[in-house]
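Colleague: Could you take a close look at how the helices pack in this one, and walk me through it with the cut-offs spelled out?

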Amino acid sequence: MCQAPEQWQVPGMDGVNAPRLASFGLSLLVALGWYVTVTAAVFVGRLGIPAEPDRNCSVLFSCLTPQDEIILLLIFGAPILAGLLFSTLLVAGLLARWISSPIVAGTLSALVSVVMVAAAGILWHGAR
Amino acid sequence: MKRVGLGVLLLAWLYGVPFLFIVGLMRRTSSPYLATRAEAEAFGATTGAILTAALILNLTLPLVGVLLASLARDPYWMRHFVWSLAGMAVIWVLFSIAGNAATAPMIGWTPADQEPAPRITQCIPRSGGHGCPGG
């Protein structure tokens with residue numbers, strides 16, 4: 001991490017691959033940071049909301065703890081997460097060529113990937 | 001070292017403010033189970049504090065960043081922080097849209113509680129007061 005600021009200082013001024021590669025990796029990190037932040041925020045927000053103590057829990061999945069929900073998300077959402085990561089890789093690779101700032105490129109690629117995955121989900125849902 | 005500090009400041013705004021907004025808005029839109037009036041007030045106060053912190057950090061971090069980057073004469077982070085002012089405005093607009101959609105105020109809201117309303121179980125006749133049923 002200590003090397004990074006020096007590389008950021010002259011982003012893409014020389015045609016060498018090294019800063020570009022660093023920019024791609026950092027963009028990817030920034031995009032992953034978004035996913036982690038949003039997931040953590042939803043988890044923390046969910047933890048803080050008290051549920052009714054004596055509610056009916058006889059139906060499967062009706063009384064999940066936030067921890068269970070995260071595990072279920074990882075299991076059943078795995079194809080969606082894989083698609084999200086793949087499109088993030090693709091979009092970050094494209095954007096890192098044009099945008100010199102990894103923060104902007106990473107944020108945009110996270111945003112574009114989420115929109116792409118949501119659009120794919122809507123199309124898939126509509127096609128069924 | 002200066003550049004690392006400015007980077008940390010920008011990332012704190014970029015990730016920290018949305019984090020606080022997500023937590024705060026989830027609490028604000030939830031219907032929590034709260035047994036007593038005091039619990040409901042505490043829940044509402046915490047939610048308000050989280051949203052207030054998010055709003056204050058959203059206003060101050062980009063401005064402090066612009067100030068520090070101009071003092072440090074760092075064009076790279078200066079550019080980022082000037083753009084973060086636009087992001088600050090976008091977050092502000094999104095929050096005010098959410099505030100307009102809500103029926104109760106966003107900050108200073110108290111959720112409903114499960115505490116039963118006190119019921120009058122006995123009637124004590126007073127002179128000049130209402131008459132008691134059957135009395």
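Modeller: Happy to! In chain B, helix 1 (residues 2-29) packs against helix 2 (residues 37-72) at an angle of about 160°, their axes lying 9 Å apart. Helices here are DSSP runs of H or I with at least four residues (strands are E, at least two), numbered from the N terminus. Axes are lines fitted to C-alpha atoms, for helices over the stretch in contact, and angles run from 0 to 180 degrees between N-to-C directions. Helix 1 of chain B is therefore roughly antiparallel to helix 2 of chain B; the classes are roughly parallel under 35 degrees, roughly antiparallel over 145, roughly perpendicular from 65 to 115, and oblique for the rest. The residues of this contact between helix 1 and helix 2 of chain B divide into 22 nonpolar, five polar and three charged. Nonpolar covers Ala, Val, Leu, Ile, Met, Phe, Trp, Tyr, Cys and Pro, charged covers Asp, Glu, Lys and Arg, and the others, Gly among them, count as polar.

A word on the basis: this is a predicted model, where local features need pLDDT of at least 70 and side-chain atom pairs count only at pLDDT 80 or more, while totals for chains, interfaces and linings use all residues. Residues are numbered from 1 along each chain as its sequence is written, chains are lettered from A and ligands numbered from 1 in the order in which they are written, and side-chain values use heavy atoms, with hydrogens and water left out.

Now to chain A, where helix 3 (residues 66-76) and helix 4 (residues 78-98) pack at about 70° with axes 4 Å apart. That makes helix 3 of chain A roughly perpendicular to helix 4 of chain A. Leu73(A), Leu74(A), Ile75(A) and Phe76(A) from helix 3 of chain A meet Ala78(A), Pro79(A) and Leu81(A) from helix 4 of chain A, contact meaning heavy atoms within 4.5 Å. By class, that contact has seven nonpolar, no polar and no charged residues.

Chain A also has a disulfide, Cys57(A) to Cys63(A), with S to S at 2.0 Å; the cut-off is a pair of cysteine sulfur atoms within 2.5 Å. The S-S torsion is about -90°, so this disulfide is left-handed. Cys57(A) is partly exposed at 42% relative accessibility, and Cys63(A) is partly exposed at 25%. Buried means under 20% relative accessible area, exposed over 50%, and partly exposed in between (1.4 Å probe, protein chains only).

Lastly, Ser23(A) sits in helix 2 (residues 17-47) of chain A and is buried at 5% relative accessibility.
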